[in-house]
Amino acid sequence: MLSEYKSATAQSYLKRVRRIIRFIGESKQGLLDVRVAHWASGASPISSSEVVYSLNEFSKEEGTRMRRAARHDASEAVQRLSRFANSSETFQRWIRDALGTRRTIAEVALDIDADMSLRREIETVLGRDLSGNSTQRVRDAMTAATLTRREMTAFFILLAWRTGREPEVLRGVCERDLRIDQSRATVHLTKRRAGKRDTLVIENSGPSARTYRVLADLTECTTFARVTSGLTTIWCGQVLARGRVSIAPWNPRKYGIGQFNDDHQLGLTAPYDARRIRKSAKAIRARKGGSLLGAVDGDHSARTYAKHYRQVDSTMTAAGETIRRAQARVVTAAQSIAVFPKPAGQVAATSDDPQVAEVAGRVAGESVGVRSLHVCGCSDARSGPYTEIGELCIMPPIGCLGCPNAVVLEENLPQILIMRDHITELRDRAPDPVQFIARWGRGLDWIEAVVSHFSTDQIARARAKDETLHIPIDQRLGEDG
């Protein structure tokens, strides 16, 4: 009886509240449905921490449409504000005075109508004629120097997709959190819920160059607004409120992804929640990098990613494909590498191949110092696949394992394990998982293929050997190691 009463009460409560908060939108309504259903099921109505909101990612097509529209708006804003920066000092002073003193819309409209040279300068900056009623003309005039709410939303969408960071953290960035020079941008992000600060370094090169450009453009586009108003947030622009013009921080509740979708007719699915962009960005990283670590990207713990982000559809689908591709690569590599998981002396004495026996004999007689120079034996160092016949091969050790001249013996295992550990550390620190795969993916496949030939006991003994490797392999991996 009690459960039936709670269920009936919950449904009645839901019907009444829906009429009151209909204007809030579809996303808020969805959360209300979850809360009331949770209460009706017998759980405490105040135990909000027990409710899990299911926000899936945006589809690939939705993301493409969203970013294309955002790039269009951001590009137009950059071009317009660049023209404003080159306009006359008189014009800039007039807009600064209007916004800084919060003049009335009627007063600004009178100035525009009375001064044709002012009107022409506004039209030059805008790149079009002024039209519409007085309110529209005033809004257009103030837009000549500041971002609109739609343009701020566009910049936010681009940064959210490119960084994958929390919406509230990105919206909280102020002047004091930024340091931008020609080579990189350093952003100090404040996670208020977690009570900590993160530092995000965006290089002006490689894959992160576009992210750097978006952030630099946003900062430059809001400089005039911040100087005029005294605000420190990088998310500010002109507003018309209570019959006056002024500058205010961007409020995503008044204009956010939902309104952006309507203006551009993007056909996005609800809810229009910015957290879905974060999930989408992390899913893309997981698919491209093929690892959970690449998706985490130093943003939070692997446990948090597994709990809140891994369950999105595309990540779950791509996970199986990634595993199958990785297994296929390792199998292919394992079939092409000559591995003899036995001591070199034993291989030298029992091998039917005289070339292998010769290599094994040399490895068996090497000191620890000499052995630290390589990760395998070589049947012919002067006929490498990447050098002219007769020239000494100078490939770094990471390339040796994929060479047809390579002969791997048990004595090489300690050095190979050191190499694997070092590359794994590089993967943890890699700023971009795609770059890591391109640089180290094939070498890591070779290493895993070689190690797979050895037993667990052999690996344990190799790690336990009390030997000093005088020339660390991490100094000899190649250009990026």
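Q: Two strands pair if DSSP finds at least two bridges between them. How many bridges join E1 to strand E2?

A: Strands of a sheet pair through backbone hydrogen bonds, either parallel or antiparallel. Here E1 and strand E2 (residues 184-191) run antiparallel and are joined by three bridges. Within this pairing, Leu 178 stands opposite Val 187 in E2. The labels follow DSSP runs numbered from the N terminus: helices are H or I runs of at least four residues, and strands are E runs of at least two. The model is a predicted one, in which local features need pLDDT of at least 70 and side-chain atom pairs count only at pLDDT 80 or more, whereas totals for chains, interfaces and linings use all residues. Residues are numbered from 1 along each chain as its sequence is written, and side-chain values use heavy atoms, with hydrogens and water left out.

Q: How is confidence to be read, and what pLDDT does the chain average?

A: The predictor's confidence in each residue is its pLDDT, on a scale from 0 to 100. The chain averages 79, and 73% of the residues score at least 70. Over residues 1-6 the pLDDT is below 50, and this stretch has three contacts in the model beyond near neighbours in sequence. Residues 468-481 also have a pLDDT below 50, with 38 contacts beyond near neighbours in sequence. A contact means heavy atoms within 4.5 Å.

Q: How many helices and strands does the chain have?

A: The chain has 23 helices and eight strands. Of its 481 residues, 43% are buried, where buried means under 20% relative accessible area, exposed over 50% and partly exposed in between, for a 1.4 Å probe and protein chains only. Among the contacts in the chain with a separation of 6 or more, 65% are between residues 24 or more positions apart.

Q: In what order do the three strands form the open sheet?

A: The order is E1-E2-E3, with antiparallel pairing. Strand E1 (178-180) and strand E3 (196-203) are the edge strands, each pairing on one side only. Neighbouring strands of this sheet are turned against each other by 15 degrees on average, direction ignored. Helix H10 (residues 209-221) lies across E1, E2 and E3 and runs at about 110 degrees to E1. Such angles run from 0 to 180 degrees between N-to-C directions, with axes fitted to C-alpha atoms, for helices over the stretch in contact.

Q: Which way do the side chains of strand E8 point?

A: In a regular strand the side chains alternate between the two faces of the sheet. In strand E8 (residues 406-409), Ala 406 and Val 408 point one way and Val 407 and Leu 409 the other way, and all are buried. Strand E6 (residues 338-340) pairs with E8 in the parallel sense over three bridges. Strand E7 (residues 377-378) runs antiparallel to E8, and two bridges join them. Val 407 is the bridge partner of Ala 338, and Val 407 is also the bridge partner of Gly 377.

Q: How is an aromatic pair described, and how many does the structure hold?

A: A pair of aromatic rings is described by the distance of the centres and the angle of the planes. Rings of Phe, Tyr and Trp (its six-membered ring) pair if their centres lie within 6.5 Å; planes under 30 degrees apart count as stacked, over 60 as edge-to-face and the rest as tilted. The structure holds six aromatic pairs. Phe 156 and Trp 235 form an edge-to-face pair, because their ring centres are 6.0 Å apart and their planes stand at 70 degrees. This pair links distant parts of the chain, 79 residues apart: Phe 156 is in helix H8 (residues 149-163), and Trp 235 is in the loop between helix H11 (223-229) and strand E4 (236-241). Trp 235 also pairs with Trp 250 in a tilted arrangement, 5.6 Å centre to centre with 40 degrees between the planes. Trp 250 lies in the loop between strand E5 (244-249) and H12, so its pairing with Trp 235 ties together parts that are 15 residues apart in sequence. Both Trp 235 and Trp 250 are buried. Phe 156 counts as buried because its relative accessible area is 2%.

Q: Is Asn 261 buried or exposed?

A: Asn 261 is buried, because its relative accessible area is 5%. Asn 261 lies in helix H12 (residues 257-264). Its side chain reaches the backbone nitrogen of Leu 268 at 3.0 Å. Not counting residues up to four places away in sequence, Asn 261 touches Leu 266, Gly 267, Leu 268 and Tyr 272. A polar contact is a pair of N or O atoms within 3.5 Å; within protein, one must be able to donate a hydrogen and the other to accept it, and residues adjacent in sequence count only if both atoms are side-chain atoms.
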